[in-house]
Amino acid sequence: MAKNIMIQGTMSNAGKSLLCAGLCRVLKQDGYRVAPFKSQNMALNSFITADGGEMGRAQVVQAEAAGIAPDVRMNPILLKPTTDVGSQVIVNGQVKGNMRAMEYYRRKREFVPEVMQAYDSLAAEYDIIVIEGAGSPAEINLKQEDIVNMGLARMVDAPVLLVGDIDRGGVFAQLYGTVALLEEDERARIKGTVINKFRGDKAILEPGLKTLEELCGVSVAGVIPYVHVDIDDEDSLSERFNRDTQRKLLDIAVIRLPRISNFTDFAPFERYGNVSVRYVTSVEDLHDPDLILLPGTKSTIADLLWLRQCGLEAAIQKAASAGTLVMGICGGYQMLGTSVADPDQVEAAGVTEIAGLGLLHMDTVFRGDKVQTQTKGVFAGVTGMLKNLNGLSYEGYEIHMGRSQEKLPALNGGGNIYGSYIHGIFDAPRIADTILKAVCARKGLDFSALETYDATEYKERQYDILADAVREGLNMDLVYKIINREV
C-alpha cells in the first residue's frame, strides 16, 4: 500500500496544485512511482481520459508531472458550476446530474465509498500518493461534512503540509490562524508549514519563521520561491486573465466568456515569442485582432446572451465580415451557428431557443446525455484560409451536451470562420503553426518571426523548472521523514 502526503492551503489559489505537481515531479525524479489525488474538485477546466471519464485539469497536470496517464481515480468527484448556486456533479468520471449547493452538501457523504475505492485502488499501484486539499481546512462552516481536507486526511491517515501564499500578504496570520481554528486531532496531522510564492532574500523571513514555528508547534518545511512556469492553470483565478498583454507582431483575442471553460485550449498560442494572446471582456478591449477565438463554456446560451448584450457579438460579426479569422471551440463553436435550442432546459438558463451569431450554417440542440470521449484523426475537407491543415493529424477530446449535426468534421466551416467540438485540437505544433502561417499570409508577415518551439520538450522543461524550485524551497529530508512517518 502506498505511503502518502497531503498538501492543504490557507485559502484557494495558495498554490497547492502547482506545489503538488512539483512534488510529483521531484518524487518521480527520485525514482518513486507517484500518483496525484484530489477527492473533490470544483472547476470548469476539465479533461477526458482515454476511457471516456471526465476529471479536473489540475490532476491531469500532476499526472503529467509524475510521468503517468491521467485517470479519473485521481479526482473521483468533480463539480462543474452551472449557476451561482448549483453544479453538475461528476463521480468517477461520469455525470450524476445537476445539484444545488445545499443538496450536494447534504448528499456528499454518499460518495465517500467511491472516493475511498478510487484512493485505495491507486494506493495499491503506486509507491506514494500526493494528495491535494481544496480551499482551506479552517472553513469551519463546512467542516462537519468535509471529505477533501482534514476529513479526507483522517480517512486515509495522511500527514499534512499547510501552505500559505506570501504574495497575497499576511502569510503568518494565514498559517497561524488556520492552525488555531483546527481541532486538536487535526493540528496533530500538520507536520510542517510552507510559505509559497516568495520573492526576495529568505534571510529577511528568518525572525518570522522562528516565531511561526513556536506558535504552530511544527517546523517550517520550506519557503518556495515565486516561479514563472508555463503550466496549465485550472480555475478562474488564472493569471492569464489578469495580465495586461501588449499587442505583439501577431495579435490573438480570446473572448473571456463569464462561464469560460477549458481555456487552456489556447495555451499553445501563448508559446510563440511574438504572438500576443489577450483575454477580452469588452468591445473597447477587442481592438483589431488577427485571430478571434471563442472558447468553451459551461452555459452556451447564457454566455451567448452576454456576448449579445455587451456588444461583442456585433464586433465579432464585423471583424468576420472584414476577413478576420474567427474560430470557436465547443460552446464557442455552437455560438457561431444559426441557433441554439435547449427544449429540456439541460443548461437551466431559462431560454428554450436563441439565435446564434449566424457565421456558420449549423443548428445546435441540447440533449440530456453528455458526449465525453477522446478522439483523433486526420484533417480532411478543410477549405478556405486553413486548407493547409488537410492531411495533418490531430487528437483531443470532446465534452459537450449539445448536438449540432451528425458526423461533424474535426474542423467545420470555411472561408475565415471555423469551429470544432474538439478540445486540445491546437496542441500538436504543426496545427498551431499552420493556423498562424495562414494568419501571417493574410497580414503579409514572415512566419519565422513568430519564434516557434518544440511543444513536448517545452512542456517537460516547464515541469523540471517547477521541480527545481520545489526541491530548492522544500526541506526534502524533512518531507521524506514525514512521508515515512518519522516525524
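In the predicted model, Gly86 has Arg100 as its bridge partner in strand β8. Numbering starts at 1 in each chain, following the sequence as written. Because the model is predicted, local features need pLDDT of at least 70 and side-chain atom pairs count only at pLDDT 80 or more, while totals for chains, interfaces and linings use all residues, and side-chain values use heavy atoms, with hydrogens and water left out. Helices (H or I, at least four residues) and strands (E, at least two) are DSSP runs numbered from the N terminus, and two strands pair if DSSP finds at least two bridges between them.

Four strands make up an open sheet, in the order β3-β6-β7-β8, with mixed pairing. At its edges stand β3 and β8 (94–100), each with a single partner strand, so one side of each has no neighbour in the sheet. From one strand to the next, the twist averages 25°; axes here are lines fitted to C-alpha atoms, for helices over the stretch in contact, and angles run from 0 to 180 degrees between N-to-C directions.

Now for the pairings themselves. Strand β3 (residues 40–42) runs parallel to β6, joined by three bridges, and Met42 has Leu79 as its partner in β6. Six bridges link β6 to β7 (residues 86–91), and this pair is antiparallel. Ile77 is partnered with Val91 of β7, and Leu78 with Ile90. Another six bridges join β7 to β8, again antiparallel, with Ser87 facing Met99 as its bridge partner. These two strands form a hairpin with two residues between them, and Asn92 in the turn has a positive phi of about 50°.

How covered are these strands? In β6 (residues 77–83), five of the seven residues are buried, where buried means under 20% relative accessible area, exposed over 50% and partly exposed in between (1.4 Å probe, protein chains only). For β7, six of six residues are buried, so this strand is largely enclosed by the rest of the structure. In a regular strand, side chains alternate between the two faces of the sheet. In β7 both faces are covered, with Gly86, Gln88 and Ile90 buried on one side and Ser87, Val89 and Val91 on the other.

A lysine is tucked away too. Lys38 sits in the loop between β2 (34–37) and β3, and it counts as buried because its relative accessibility is 6%. Apart from neighbours within four places in sequence, Lys38 is in contact (heavy atoms within 4.5 Å) with Gln59, Met74, Asn75, Pro76, Glu132, Gly133 and Ala134.

Helix α11 (residues 312–321) has Leu312, Glu313, Ala315, Ile316, Ala319 and Ala320 as its buried residues. They span an arc of only 165° around the axis, which puts them on the same side of α11; the arc is that of the directions from the helix axis to the C-beta atoms. On the other side, Lys318 and Ser321 are exposed. Among the elements covering the buried residues are β13 (250–255), α10 (300–309) and β18 (325–329). Just after α11, Gly323 takes a positive phi of about 100°.

Finally, the axes of α1 (residues 16–29) and α14 (residues 455–473) come within 8 Å and cross at roughly 95°. That makes the two helices roughly perpendicular (angles of 65 to 115 degrees; under 35 is roughly parallel, over 145 roughly antiparallel and the rest oblique).
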